[in-house]
Amino acid sequence: MMAEFGHFTLILALMMALIQGTLPLIGASRNIKSWMLSGLYAGRAQFLFLSLSFGSLICCFIQNDFSVLYVAEHSNSDLPLYYRIAATWGAHEGSMLLWATILAFWTLMVSSIQGSLSLDFHARVMGIMGLISLGMGLFVLLTSNPFTRLVPVPLDGHDLNPLLQDFGMTIHPPMLYMGYVGLSVVFSFAIAALLGNHLDSAWARWSRPWTLIAWIFLTFGITLGSWWAYYELGWGGWWFWDPVENASFMPWLVSTALLHSLAATEKRGAFKAWTVLLAIFAFSLSLLGTFLVRSGVLTSVHAFASDPTRGSFILVLLGLVVGGSLTIYALRAPKIREISEYALVSRESLLLVNNVLLVSAAASILLGTLYPLILDALKLGKISVGAPYFTSVFAPLMAPVFLLAGVATLVGWREASLSKLLRQLRYLGPTSLILGIALTAVFWQVDDLKTLSGLTMGIWLVATSLLSLWNRIRLRKRFVEGLLAQSTSFLGMTTAHIGIAVFLIGVVISNGYSQESVVRLAIGDSTDLAGYTFTFRGIEDVVGPNYKAKEATFTVTRGSSEEAVLRTEKRIYKVQRNNMTEAAISPGLTRDLYVALGDPIDQQTWSVRVYYKPFVRLIWLGGLIMMAGGFLSVIDKRYRLSHLIRSVSKTQTLQSPPRHS
Amino acid sequence: MRIMLLLIIGSLVAPLLGAVEVREFDDLEKQTRYEHLLKEVRCLVCQNQSLGDSDAELAKDLRDEIYSMIQSGQSEEEAISFLTDRYGDFVLYRPPFKSVTWLLWVGPVLFILAGGSIAFWPKRDKQRQANPKELTDEERLELDRLKRRID
Amino acid sequence: MKIRFLIPLAVFLVMTAFLAIGLKLDPREVPSPLIGKEAPKFSLTDVMDASKAMSTYDLKGDAVLVNVWASWCVSCRQEHPILLDLAKRGEVTIYGINYKDTREEAQKWLRSYGNPYHSSAFDPNGHTGIDWGVYGVPETFVLDKQGVIRHKHTGPLTQAVIEDELLPIIRKLRGEP
């Protein structure tokens, strides 16, 4: 019954999406008020029905209803409750339903600001989101229905992929989807603005908080995924430039550019056409990512079970959404009047450089990801493009970003003096360099130019960001007063920039100075790595809820003091009968110690992998700091709803219609 | 190629620990060469993993081959040729610079140049057009003086 | 309408075209660089008889099929009846390379299911397989009279593959000197 209910509510949601996607748009062009308002109700109804639908799917998992094919394929009665719930989005059908549900959630959120925008503009936004919901809903219903029944009913399910039976893995997809799908909001704002010729800077102010929230989720999702890969996959890597990872990174790069572009459009009315285009790109890349992951067109460890039929459907959807939006862009964007002027040395200029760099980086990643496909399609042979290519291309592209991000905050809008800027920086430059050289020399090797330059750039970024903060603080009498007087938006920006500096430092040091070794250890043996001694204490059998394992215990000492006791396991899961290694990590801000059990050589001896990874935690700490920065920006007074309405009520986009019945 | 999947289904969720063979090398340079190669070569039967990260049977065999080649003193290039002779360029994660891959390697540079020119070029024309209120010389001097006062 | 603003749309359409073609391709198939080259030499023993030698020399003289198989390979079991059928027709000689197997298992397999091969080379450590660029059994090679590899099919054979792909090539090769 549950599954049928879920199926039924899905169909109802789809009908609501149909209404939401058509009536408001027609209503906006023909000025039919009731039709424009219908989007509101249809959107909220869609959310209600999809929540019910998704809820029923979760119930099917909780109740171990193996008559539902999707549950039988991805769950098992021995699977702990927590993972049974998470299994709902563990594979293609359920995760697509989650995607659609999250879109309905964002729709609900957007519907709540209806009163503050002009009716026709809001109607268009709802309409476009409705069309996307319609497309995704049809995709789920027609090609990826999670509610299909299975007859005869199996006794038990096929279990969730053991790799997914992990906390990090369970929240990573929902966070990512919140980000991907959230970008549809700014996308819809952009298209609505193009359609109604509403491209003033108020549009940017309205879009910014939505973009920020989506960006924060996307940053979180990617950081989480990277951290998960590190501790779960067992060989110390945290980013592999796998097509699916790239599919999440490209929207992140473009939405970062979008955030910066929105700032310029909001404050100075600059880059109007650029910003709209970036909004279209960001969401398009999200959709493209969905296509790449589920169509089987690229090989990836992350890929869902691929099916060309599904691939074709998404491709058509992609073509309509992106093709349609780019056509509207081509038709309407030339009419946008760029009224801002700025000199070559100005913050606008630097933001433009930032945009070009970030978009070029995203484009390069796209090129690398699709290149094997392109060559194969043109019958020019088959190649692979992997991590070595991406790292050699990406790092040089990003270097200018680190150099200029902090500098941009020191440069004024419109027209700035280069000499004044250089005067401000004349101490910072050499100081950063000296500090970088000193640190590298003391802790590592001074002739290691990679580490040296990375460290120096990180220090430089932190210094320039803090300098601009200091410039503002010292206008006040007291430090604390000065600090508190800054807008949270400015503090957010400073924090986020410091976040990427922390990330860079973590990457540079852990890449340069990680050590690993694979050794043969008998019980009682030790091995040394980076000044730490790892001793194999013993091995015993343990039993988990749906697996059996051999657990090995190691103690790690440094000199005479004990650093950690590490327990690593080699698990065999009962149902899918695959081997999984659970690595043991001793985390620390300055270093991670990592032990993973290999293969048994005889009764007493095993092969073991040990790692020393200095400062690797900074990588994810940087991500978290970036998120904190985003959060600070979002809670800025400027974006409080009341303030937004008051300050921009004069502009055309946002004139609240006079209240008459 | 669904049938292929049947064969390699083991490696999909197999011990994703990668190379756990204990290798002995004559010197550090050989070890570095070996480890570097393991990152540059693709596991052909896996869903996008490097040779070092994979636990597939073929990956183990190829690692053994590479090990014996490096131990016997062969260079990285020789080991790479060995593999590309048998499996083609597909086996390398770093695409060689050939006529077909020219665009791949030059692409990023082209993007920056294209982006930069689209972004910065029209600005100067617009600057000239959209600036009807040109300052006279006296006004400009006055402006400079005021500016200097603020600094 | 300024051309500049159409560029994103144009680029997108080109990309979509490639993606559409991509849906029909197999991203995991590895084309063989050995096509057009002389078959990598091996000198092994016959799987059925350790005292008998088998080498690439034996493959010359006629256009032949070389099929890489193993007793542990499920798909080989699938294509086996088709190979037996083809062998019975007598139109083309089929040689085998027994890849990463044990002699005992291989012989047992051939005895239980039939032996379509004129002879099968025993390659227990997979070395020859690697030389031939084998990455997933079963794989079938077409060799010409000079022992040059002219075609490779990865994956189990089907009747369609035999009729439409392999046999036409064999017949053409027979016409060559």
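Predicted model: local features only at pLDDT ≥ 70, side-chain atom pairs only at ≥ 80, totals over all residues.
pLDDT is the predictor's confidence in each residue, on a scale from 0 to 100. Chain B has a mean pLDDT of 79, with 75% of its residues at 70 or more. Within chain B, confidence is highest in helix H4 (residues 76-87), at a mean of 94, and lowest in helix H1 (residues 2-12), at 35. Residues 1-16 of chain B have a pLDDT below 50, and this stretch makes 38 contacts in the model beyond near neighbours in sequence. Residues 127-132 of chain B also have a pLDDT below 50, and that stretch has three such contacts.

As for its architecture, chain B contains six helices and zero strands. Read from the N terminus, its elements run α-α-α-α-α-α. Chain B has 151 residues, of which 34% count as buried. Taking the contacts in chain B between residues at least 6 apart in sequence, 53% join residues at least 24 apart.

Chain A supplies a helix pair to look at in detail. Two packed helices are described by the angle between their axes and the distance between the axes. Helix H5 (residues 92-111) of chain A and helix H6 (residues 119-143) of chain A have axes 10 Å apart, and they pack at an angle of about 165°. Angles over 145 degrees count as roughly antiparallel, and H5(A) and H6(A) are therefore roughly antiparallel to each other. Their crossing is left-handed. On the H5(A) side, the residues making the contact include A:Met96, A:Leu97, A:Trp99, A:Leu103 and A:Val110. On the H6(A) side, they include A:Val125, A:Met129, A:Ile132, A:Met136 and A:Phe139. Sorted by class, the contact of H5(A) with H6(A) has 14 nonpolar residues, four polar residues and no charged ones.

The peptide bond joining A:Val151 and A:Pro152 is cis, with omega about 0°. Chain C has a cis peptide bond as well, joining C:Val137 and C:Pro138, again with omega about 0°. C:Pro138 sits in the loop between helix H4 (127-131) and strand E6 (139-143) of chain C.

Further backbone detail comes from two residues of chain A with positive phi. A:Trp241 is found in the loop between helix H8 (201-233) and helix H9 (243-268) of chain A. Its phi is near 55°, a positive value in a residue other than glycine. Is A:Trp241 buried or exposed? A residue is buried if 20 or more other C-beta atoms lie within 10 Å of its own; A:Trp241 has 20 C-beta neighbours inside 10 Å and therefore counts as buried.

A:Arg414 belongs to the loop between helix H13 (387-410) and helix H14 (418-425) of chain A. A:Arg414 is not a glycine, yet its phi is positive, at about 70°. Because A:Arg414 has 14 C-beta neighbours inside 10 Å, it counts as partly exposed.

The last step is from single chains to an interface. How many residues of chain C are in contact with chain A? There are 20 residues of chain C in contact with 26 residues of chain A. The side of chain C that touches chain A has 16 nonpolar residues, along with two polar and two charged ones.

Definitions and conventions. Residues numbered from 1 in each chain as written. Chains lettered and ligands numbered in written order. Contact = placed C-beta atoms within 7 Å. Nonpolar A, V, L, I, M, F, W, Y, C, P; charged D, E, K, R; others polar. Axes fitted to C-alpha atoms, helices over the stretch in contact; angles between N-to-C directions. Helix = DSSP H or I, 4+ residues; strand = E, 2+ residues; numbered from the N terminus. Parallel < 35°, antiparallel > 145°, perpendicular 65-115°, else oblique. Left-handed = near helix turned anticlockwise from the far one by under 90°. Buried ≥ 20, exposed ≤ 12 C-beta atoms within 10 Å, placed from the backbone.
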